[in-house]
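Hi,

Here is the structure I said I would pass on. Have a look at it first, and then read my notes below.

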Amino acid sequence: NGVKPIYVFDGKPPEMKSSELQKRAERKAEAEKALAEAIEAGNEEDVDKFSRRAVAMKSTHIEDCKQLLTLMGVPFVQAPCEAEAECAALCRAGIAYATATEDMDALAHEADIPLIHLGTGRRVPPLFFLALRRELERLRPDIVLPGTALPNIWCRIWGKLLGLHCVVGTVRGGGGPRRQHERWLWRLTQTMICNSLALREVLQKLGVPASHLHYIPNGVDTERFAPTELPPSARAPEILCVARLAGDKEHETLFRALALVRERHPDAVLRLVGDGPREAELKTLAAASPARDGILFTPGTADVRPWYDRARIFALSSAREGQPNVILEAMACGLPVCATQVGGIPHLLDDGACGLLSPAGDAEALAGNLLRLLDTPSLGDELGQRGRQRVEKAFSFAAMVAAHETLFEKCAGRG
């Protein structure tokens, strides 16, 4: 097909990845300990599982890989830092046409979108707000679109003081109105976007005029997120939750629900995919749970499709939500959903027609819904099919992009 590959090897990781590398080292140490226990117990299945997790990539392996690529005639590059950053540089220089990566920096560079980092780590720099002011004053953009709480606060303040043309506020989570002080700060925006009807109602109660609000639901790429040939009913009883390990997600409700589920289905497991500030606390709670052997922690990753593809059920026990993308992704993948009746979730699930709803914090009700799906596999397949159809009809990626484009053209004075 004319495509000529080039392989890029990682170099020295940047400082901002130090915490992630530490986590990887800790997970490897845990796997090595579990492997030793599995060998001693003679558990072949666990030996195989933990052997994979305990594999360490050494410099000799990398050199062997380079020799193999040379024999195959495939060129390679040793990056001075992260491979993804080098891929982006190759694209900018016109040496490479595209990158096979899901790193957002590389994808942005590939699309010719300039990136400016205001910090070097995961924590917000102490002088973040001053760095933001400097860049906004230098760039003077036509439209400023902040994404999370702190940028929503400071972009509005600086936008007003610097006389910028248009700041579009965004509210995307159940706790957003409170964290972003919307009762007062909405006045510093020219318009606002919220991603759920429930959030729109909350904002209106805080005094935001209806004419100031634009409801644009999240969209999902239905080609990227799609059902596999194996229906959920034919899979192992794995319950999947993809979410930040944060307070709003209330994972402890899932822990209590799983304990009840395992009384009838002892082979059921709960897999949490994500990272966040409550990771250590949740691992402590999981270790004390009667269902501790069935709670699996998996680090967050750019591509979660493999976890959707192996799960039987998707579950979310949030206390507050906007319109969670992970539910749309699960529905697009044909998974049945059990979730709490908060924020925009009932709207996503068509008030229960495409999934099972339970009150926030009610572990018994959530467990009952999970048991319904485990006891009646055909119901899970049916709900999964309905969910897929609803996403295709009402939450397409193209419709979301078009709605944003229309609003931005209007804000820029071109619509």
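First, the ground rules. This is a predicted model, so local features need pLDDT of at least 70 and side-chain atom pairs count only at pLDDT 80 or more, while totals for chains, interfaces and linings use all residues. Residues are numbered from 1 along each chain as its sequence is written, and side-chain values use heavy atoms, with hydrogens and water left out.

**Salt bridges**

The structure holds 18 salt bridges (a side-chain nitrogen of Lys or Arg within 4 Å of a carboxyl oxygen of Asp or Glu). One of them joins the side chains of Arg 156 and Glu 182, at 2.7 Å from N to O. Arg 156 sits in helix α7 (residues 149–162) and Glu 182 in helix α9 (residues 182–185), so this pair ties together parts that are 26 residues apart in sequence. Helices here are DSSP runs of H or I with at least four residues, strands are runs of E with at least two, and both are numbered from the N terminus. Arg 156 and Glu 182 are both buried; buried means under 20% relative accessible area, exposed means over 50%, and partly exposed is in between (1.4 Å probe, protein chains only).

While you are looking at α7, find Asn 152, which is in that helix. Asn 152 is buried too, with a relative accessible area of 0%. Asn 152 and Glu 182 are 30 residues apart in sequence, and their C-alpha atoms are 9.7 Å apart in space.

Glu 382 and Arg 386 also meet through their side chains in a salt bridge, at 2.2 Å from N to O. These two are 4 residues apart in helix α17 (residues 377–394), which means that about one helical turn separates them. Glu 382 is partly exposed at 36% relative accessible area, and Arg 386 is partly exposed at 34%.

Next comes the salt bridge between the side chains of Glu 281 and Arg 278, 3.0 Å from N to O. Are its two ends buried or partly exposed? Glu 281 is partly exposed, with a relative accessible area of 43%, whereas Arg 278 counts as buried at 11% relative accessibility.

There is a network as well: salt bridges link Arg 134, Glu 135 and Arg 138.

**The cavity**

Rolling a probe the size of a water molecule over the atoms shows where empty space is left. The structure holds 1 cavity of 30 Å³ or more. A cavity here is a set of points, on a 1 Å grid over the protein atoms alone, where a 1.4 Å probe fits but cannot get out; lining residues have an atom within 4 Å of a point. The largest cavity has about 30 Å³ of space, where a volume is the space filled by probe spheres set on the points, and points are joined across faces, edges and corners.

Which helix gives the most to the lining of the largest cavity? That is α17, with 3 residues. Among the lining residues are Pro 232, Arg 312, Leu 373 and Asp 381. By class, the lining has 5 nonpolar, 2 polar and 2 charged residues (Ala, Val, Leu, Ile, Met, Phe, Trp, Tyr, Cys and Pro count as nonpolar, Asp, Glu, Lys and Arg as charged, and the others, Gly among them, as polar).

**A serine in a loop**

Ser 317 is in the loop between β9 (313–316) and α14 (325–332), and counts as buried at 0% relative accessibility. A polar atom of the Ser 317 side chain lies 2.9 Å from the backbone oxygen of Glu 250. For the backbone oxygen of Lys 249, the distance to a polar atom of that side chain is 3.2 Å.

**Backbone angles**

Most residues other than glycine have a negative phi, and most peptide bonds are trans. Arg 140, not a glycine, has a positive phi of about 40°. Arg 140 is in the loop between α6 (128–139) and α7, and is partly exposed at 42% relative accessible area. His 181 also has a positive phi, near 50°. His 181 is in the loop between α8 (176–179) and α9, and is partly exposed at 38%.

Finally, helix α3 (residues 59–72) has 14 residues and spans 20 Å from its first C-alpha to its last, close to the 20 Å expected at 1.5 Å a residue (1.5 Å times one less than its number of residues). After α3 comes Gly 73, with a positive phi near 80°.

Cheers

Key:
1 Å grid on protein atoms, 1.4 Å probe; cavity = no way out; pocket = protein on both sides within 12 Å on 5 of 7 lines; lining within 4 Å. Polar contact = N/O pair within 3.5 Å; in protein donor to acceptor, adjacent residues only side chain to side chain.
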